[in-house]
Amino acid sequence: RLEKWLNSLEYQKKLEERSFLDIFNLSDHYRKAFEKFIDDLLEIINLSKSRLMDVKDISDRIKKIKKEKVIKFYDVLLPVLRVYNETLKTKDYGKKDFNDLIKDAVNLLKNNKERREYYQNKIHFLLVDEFQDVSLGEVELLKLLINKDTSFFVVGDDWQSIYGWRG
């Protein structure tokens, strides 16, 4: 009878209504630490995407790290990132964010000469405002969109940069 109830829709709905943290009944201290950990994971994932890094790139970088605490953090991050990337590739395209779309566009244009040349020949003038806030991925995309004949102009003010905290 218990097994039947655990598999019931009513039980599944109750689980969906409860947050992950409520299920484990964490104290406020552990809840805050867990939320900070998740925020750190998301920040690293987003930063890696904006720099067009994949799991292999991150794995190669952490091989040089000696701090055990940092290594353990990445031991958690890498499997999460692998599952996230596989989910986006196979079934949940609606969960892609801006950095995912930039990364996809860069990969498409890098690997498809015909498509790259189509856009390069289509774009005669390109203006980028707020250039100080452009990520590495966006710079790579811009490089792929222009050719020697493109009139390319950027406007930026490093005093207004919103990404100064990224280093």
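Helices here are DSSP runs of H or I at least four residues long, numbered from the N terminus. With that in hand, look at the loop between helix H4 (28–50) and helix H5 (55–62) in this predicted model: that's where Leu52 sits. Its phi is near 60°, a positive value in a residue other than glycine. As a rule, most residues other than glycine have a negative phi.

Glu130 is another one to check. Phi of Glu130 is near 55°, again positive in a non-glycine residue. You'll find Glu130 in the loop that runs between strand E1 (125–128) and helix H9 (136–145). With a relative accessible area of 35%, Glu130 is partly exposed, because that label covers values between 20% and 50%.

## Helix H5 and its two faces

At its start, Asp54 puts a side-chain oxygen within 3.2 Å of the backbone nitrogen of Lys56.

Which residues of H5 are buried? They are Val55, Ile58, Ser59 and Ile62. Viewed down the helix axis, the buried residues of H5 fall within an arc of 100°, so they line one face. As for partners, the buried residues of H5 pack against H4 and helix H6 (68–90).

## A closer look at Ser59

Ser59 belongs to helix H5. Buried or exposed? Its relative accessibility is 16%, and the cut-off for buried is under 20%, so Ser59 counts as buried. Leaving aside residues up to four places away in sequence, Ser59 touches Leu78 and Arg82.

## Where H7 crosses H8

Now for helix H7 (residues 98–111) and helix H8 (residues 113–122): their axes come within 5 Å and cross at roughly 105°. Angles from 65 to 115 degrees count as roughly perpendicular, and H7 and H8 therefore get that description.

Who's involved in the contact? On the H7 side it's Leu108, Leu109, Lys110 and Asn111, and these meet Lys113, Arg115, Arg116 and Tyr119 of H8. By type, the residues of this contact split into three nonpolar, one polar and four charged.

Definitions and conventions: Residues numbered from 1 in each chain as written. Predicted model: local features only at pLDDT ≥ 70, side-chain atom pairs only at ≥ 80, totals over all residues. Heavy atoms only, no water. Buried < 20%, exposed > 50% of the residue type's maximum accessible area, 1.4 Å probe, protein only. Arc of directions from axis to C-beta. Contact = heavy atoms within 4.5 Å. Polar contact = N/O pair within 3.5 Å; in protein donor to acceptor, adjacent residues only side chain to side chain. Axes fitted to C-alpha atoms, helices over the stretch in contact; angles between N-to-C directions. Parallel < 35°, antiparallel > 145°, perpendicular 65-115°, else oblique. Nonpolar A, V, L, I, M, F, W, Y, C, P; charged D, E, K, R; others polar.
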